[in-house]
Every structure is written in structure tokens, then in C-alpha cells.
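Let's walk through a protein model together, one step at a time. Have a look at the picture before reading on.

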Amino acid sequence: MRLVVDAEGGLSIDARGRAPGRGAYLCAEPDCWRRAARGRALGAALRQDLGDDALALLAGGPPPERAGVVGAGARYASAGETTP
């Protein structure tokens with residue numbers, strides 16, 4: 001799932017993946033969102049400090065329609081597997 005920082009510095013979920021602004025991706029698992037809220041990697045990827053509003057968005061987890069979606073992103077071959 002893509003998160004994007006708009007021109008005013010607000011963080012939002014980019015459901016279509018096409019919104020203008022600096023973006024970063026998180027998986028659709030709630031645990032990924034909780035880790036992103038606790039760490040600094042997402043803020044570094046977005047090149048800004050995450051404020052209280054952004055942290056509240058992350059703490060809420062992914063939108064329910066996307067949470068737990070398996071295979072939502074690119075598929076990479078694991079060891080001994082070939083890609084179609």
C-alpha cells in the first residue's frame with residue numbers, strides 16, 4: 001500500500017497509487033503499520049518527520065478492505081522457484 005506526503009506535508013493513503021507527492025510503501029499487514037509508527041524508517045523514506053496525525057494514521061492500521069490481502073504486491077521468486 002502506498003502512503004504519500006502531499007504539498008502541505010500531510011500523510012495519506014494513496015489507494016490508486018498515483019497521487020502526486022513523495023511516497024513510500026507498506027505491506028497490508030497491521031503489524032507492518034505498527035512497526036512503521038514506532039520506527040524512523042518511514043519518515044526517512046518520506047524525507048520528513050512524522051507528526052501526530054501521521055502516527056495516528058499508522059496506528060489505525062491499513063484500511064479494512066486491504067488488511068491481510070495476500071499477493072497484493074509484486075511476486076518475487078523464492079529459492080529454487082522460477083517466475084512465470
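**A disulfide and a sheet**

The structure holds 1 disulfide, meaning a pair of cysteine sulfur atoms within 2.5 Å. This is a predicted model, in which local features need pLDDT of at least 70 and side-chain atom pairs count only at pLDDT 80 or more, while totals for chains, interfaces and linings use all residues. Residues are numbered from 1 along each chain as its sequence is written, and side-chain values use heavy atoms, leaving out hydrogens and water.

The disulfide links Cys27 and Cys32, with sulfur atoms 2.0 Å apart. The torsion about their S-S bond is about 95°, so this disulfide is right-handed. Cys32 is buried at a relative accessible area of 16%, whereas Cys27 is partly exposed at 32% (buried means under 20% relative accessible area, exposed over 50%, partly exposed in between, with a 1.4 Å probe and protein chains only).

Now find the sheet. It is open, with 3 antiparallel strands in the order S2-S1-S3 (strands are DSSP runs of E, at least two residues, and helices are runs of H or I, at least four, numbered from the N terminus; two strands pair if DSSP finds at least two bridges between them). S2 (11-14) and S3 (22-25) are at the edges, each with a single partner strand, so one side of each lacks a neighbour in the sheet. From one strand to the next, the twist averages 30° (angles run from 0 to 180 degrees between N-to-C directions, using axes fitted to C-alpha atoms, for helices over the stretch in contact).

Strand S1 (residues 2-5) is joined to S3 by 4 bridges; Val5 has Arg22 in S3 as its bridge partner.
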